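Try each task before you read its solution.

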Amino acid sequence: MAQTQATIELIFPSQLGYEKIAREAIGTLARNMGFDPTRVEDLRTALSEACINAIEHGNQRQTQRRIHITCTISRNRLVLVISDEGLRFHPSQEIETATIEQKLAGLASARGMGLMLIEQLVDECGFLPSRPGQGNRFRLAMYNPPRRHGSATA
Amino acid sequence: MSNPQYMAPSGDEERVIELHLPSRLGYEKVAMDTASAMAKRMGFSHDRVDSLRTAVSEAVTNAIEHGNQHDSAMKVVVVFTGSDDGLIVDVADQGRKILDQTITERTPDIHQVLHSDDKGGWGIWLIKELMDEVQFSVAPSGGNKLRMVIHLDR
């Protein structure tokens, strides 16, 4: 499996709970690519957080809106792009400037904790530039072997 | 974001998951884990979830091997539609090879199969044994479409 590049797509409703199904599907892919179990768990957690953001924020929990995951895998890299329908755009600037201490102290919005967590779990992550007619597109990547805490690239 | 190929009937809750896989053996595992995550969430018993996993595995493997002739550029599209009555799983290929309809009706003869070079023919029989309803049709893509239904016991 995964000798050359391949793309898998998963589309599901904006309803909490479905991120668990996505987590199973993508977890299986990562395991079959040979990622070690701890990293598969990290990826599963990061993906859940990203999906929850897309469901709650981008699609405002409107169940008829879809979440679209595109997973591109090659020999040593797995890239996920989680797209929503962009009913609300993600205020990523605000999230990047607040620290977790500020959030915990109630000095900044408690939202965005998920993104902080994702950053700790994967090799690369960040929002992709918006295109007309598209919603938020959040990209995360994991390498095997790892490239921990690489800069977020688009 | 591309439009989903399958539009669910409008309702209060849209329980449709769409999965696009490359035609390469191994990827059926992703469909199996997606199916079991959804079925567990819907309340199917372990035995039924196991039956569903086997049926999905056979259907996707058939689509990869026969329908798409192992051409990894061709997609297998799996659509899971949940309702209060059960789960519908549609598996569509791009139809490089159209399924011989007589295969869908016969029960393989074990003696004959053991003595022939072609050891196939058991997948469809097995799917029909495991699932509550099975239908064969032509997919909108022009390929083969297999629909299987598993009912929730109430």
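**Exercise 1.** Find how many bridges join β1(A) to strand β1 of chain B, and which way the two strands run.

*Solution.* Start with the elements: strands are DSSP runs of E with at least two residues, helices are runs of H or I with at least four, and both are numbered from the N terminus. Next, recall that two strands pair if DSSP finds at least two bridges between them. Here three bridges join β1(A) to β1(B), residues 16-22, and the strands run antiparallel. Finally, pick out one bridge: A:L10 has B:L19 as its partner.

This is a predicted model, in which local features need pLDDT of at least 70 and side-chain atom pairs pLDDT 80 or more, while totals for chains, interfaces and linings use all residues. Residues are numbered from 1 along each chain as its sequence is written, with chains lettered from A and ligands numbered from 1 in the order in which they are written.

**Exercise 2.** Work out how many residues each chain gives to the contact, and which element of chain A gives the largest share.

*Solution.* Apply the contact rule (C-beta atoms, placed from the backbone, within 7 Å). Chain A gives 23 residues and chain B gives 23 residues. On the side of chain A, β1 (6-13), α1 (18-32) and β2 (66-73) each give two or more. The largest share, eight residues, belongs to β1(A).

**Exercise 3.** Describe the order of helices and strands in chain B.

*Solution.* Count first: chain B has four helices and five strands. Then read along the sequence to get β-α-α-β-β-α-α-β-β.

Note on methods. Two residues are in contact if their C-beta atoms, placed from the backbone, lie within 7 Å.
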